[in-house]
Structure formats: structure tokens, C-alpha cells
Amino acid sequence: MLTASILKIFYWPGARYDMSLLVQAFLMVGVQITLLKVALDNRPPWRGERPFSEMGKSLLETGTGRPFDFWKWKQQRPYWEYLLYLAFGLLALHAILQPDGSSLYTRCIGGLGLTIEATLPLPQLYANYRAQSCKGFRVSVLVNWLFGDMMKMGYFFASEPGRVPWAFKLCGMFQAGCDACLGIQYWMYGDGETAGDIETRLS
């Protein structure tokens, strides 16, 4: 979410989309940084790890199934380094390219940020499907997501033409569809035992 919000902020100089969406992106960055700090406060101290220190290793060697152990680092510092690399890298690109609304760079950075945000529910959908359960997924979170989707879609399509690019609308509709699928999963599976729990109990 942090990556998506930072990309959306740097999308604004070229696209000049609605100012309220830019303010929302800044607020989201602030909130997510605060939550990240709280989540990392009890992590072990830094011991020289870097965000891309696992670059030479395969996915099996890293042991996480993620390239470079992305976002599963054991220390705090790599998280902040990654965010600084991303922000300053984008700032340098903007200073060099000086993109406008019609540039390929503007379309790519906007599409990437919005796509990341829109696909955030997919890992949860897959995890629920594999477990055949929504155990651990709070219904209050789902209700808030669905309510937020309704408010967001209403704002996108009620706004004056041109204020909200179609990229926002398409990605918003995809994310709303994913959240609706989460609701269907919760109705189908409930929040009881997972398939693995049942197999362990029966064995």
C-alpha cells in the first residue's frame, strides 16, 4: 500500500488528477508509515541487512518465496531504506524527465501504482481458497472495505468528467470486485477451521 500511494503521488504532476485523491495518497502514506513503525518496534536490531541483499540468491535459497525476501526482512532498517530508495529514485526521474499527462512515463507510473493497489486483495483471496476458510480474517475489516469501495465508486463516477482518470475508475472497479469475492468466500467458508486444521485433527 505504501508503494502504491507513493507512486500515485508521483503520478499527479503529470496527470493532474483531482486534488482530493492526491491528499488521500499523502494521508495514506502517513498512516501506513505510522502503522509500519508500530509493527516493527519489537523487531530485532539491524545487523547489516539491506533491502536487496539477497539479490544473488534464488527463491528457494531465501526461504520466503519472495524475490530478495521482499517485505519480509528481519530488521527495521531495510524497510526504511527501500522507501527512501523508491521516493528519491522517483524524484530524480521526475527532475530528469519532467513528465506531462501524455508521456509514457506518466501512464506507466500511474498504471503501476493503481494496479498494485487494486490487486492487494488477491493474496487474501488465494489464502482463503487454499485454506477453504476465512479463519483470522475479521468480518469488520471486510465490511469496512466494502463500504469504502461503495464510497469510492460513488465519488469516482459522480465527479465531473476529467477530474478522475479512467485508470482510477477501472482499478477501483477491479478492487471492488475482489472485495466482493472476499465477501462471497466469507459466506461460503466462514471463519472456522481451515482444511489443514481438519486434516490434522482427523489424522
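## Burial and the model

Buried means under 20% relative accessible area, exposed means over 50%, and partly exposed lies in between, with a 1.4 Å probe and protein chains only. By that scale D18 is buried, at a relative accessible area of 7%.

This is a predicted model, in which local features need pLDDT of at least 70, side-chain atom pairs count only at pLDDT 80 or more, and totals for chains, interfaces and linings use all residues. Residues are numbered from 1 along each chain as its sequence is written, and side-chain values use heavy atoms, with hydrogens and water left out.

## Confidence

The chain averages a pLDDT (the predictor's confidence in each residue, from 0 to 100) of 83. A score of at least 70 is reached by 82% of the residues. Elements here are DSSP runs numbered from the N terminus: helices are H or I with at least four residues, strands are E with at least two. Among the elements of the chain, α2 has the highest mean pLDDT, 93. Helix α3 (residues 59-62) has the lowest, 47. Where pLDDT is low, the predicted coordinates should not be read in detail.

## Nonpolar core

A nonpolar core is a set of buried Ala, Val, Leu, Ile, Met, Phe, Trp, Tyr and Cys residues joined through side-chain atoms within 4.5 Å. The largest one has 29 residues. I6, Y17, L90, I109 and F168 touch the most other members. Two or more residues come from each of α1, α2, α4, α5, α7 and α8. α1 gives the most to this core, with 7 residues. In soluble globular proteins, nonpolar side chains tend to be buried together.

## Salt bridges

The structure holds 4 salt bridges. The term covers a side-chain nitrogen of Lys or Arg within 4 Å of a carboxyl oxygen of Asp or Glu. Side chains of opposite charge can pair when their charged atoms come close.

One of the bridges joins R163 to D18, with the closest N and O atoms 2.3 Å apart. The pair links distant parts of the chain, 145 residues apart: R163 sits in the loop between α7 and α8, D18 in the loop between α1 and α2. R163 is partly exposed, at 36% relative accessible area. A second example runs within helix α4 (residues 77-97), where R77 and E81 are 4 residues apart, about one helical turn. Their closest N and O atoms are 3.0 Å apart. R77 is partly exposed at 38% relative accessibility, whereas E81 is buried at 9%. K37 also pairs with D41, at 3.3 Å between the closest N and O atoms. Here K37 is partly exposed at 39%, and D41 is partly exposed at 43%.

## Loops

V164 lies in the loop between α7 and α8. V164 is buried, at 3% relative accessibility. V164 and A15 are 149 residues apart in sequence, yet their C-alpha atoms are 9.6 Å apart in space.

Most residues other than glycine have a negative phi. R16, in the loop between α1 and α2, has a positive phi of about 50°. R16 is exposed, with a relative accessible area of 53%. Q132, in the loop between α6 and α7, has a positive phi near 55°. Q132 is partly exposed at 38%.

## Pockets

On a 1 Å grid over the protein atoms alone, a pocket is an open set of points where a 1.4 Å probe fits, with protein on both sides within 12 Å along at least five of seven lines; lining residues have an atom within 4 Å of a point. Grid points are joined across faces, edges and corners, and a volume is the space filled by probe spheres set on the points. The largest pocket has a volume of about 820 Å³. Its lining counts 24 residues, and M1, L2, Q32, I116 and L120 lie nearest the centre. Elements supplying at least two lining residues each are α1 (2-15), α2 (19-40), α6 (122-131), α7 (139-158) and α8 (166-189). α7 gives the most, with 5 residues. By class, the lining has 13 nonpolar, 7 polar and 4 charged residues. Ala, Val, Leu, Ile, Met, Phe, Trp, Tyr, Cys and Pro count as nonpolar, Asp, Glu, Lys and Arg as charged, and the others, Gly among them, as polar.

The second largest pocket has a volume of about 330 Å³. Of its 18 lining residues, L21, Q24, E117, K152 and F156 lie nearest the centre. α2 gives the most to this lining, with 5 residues.
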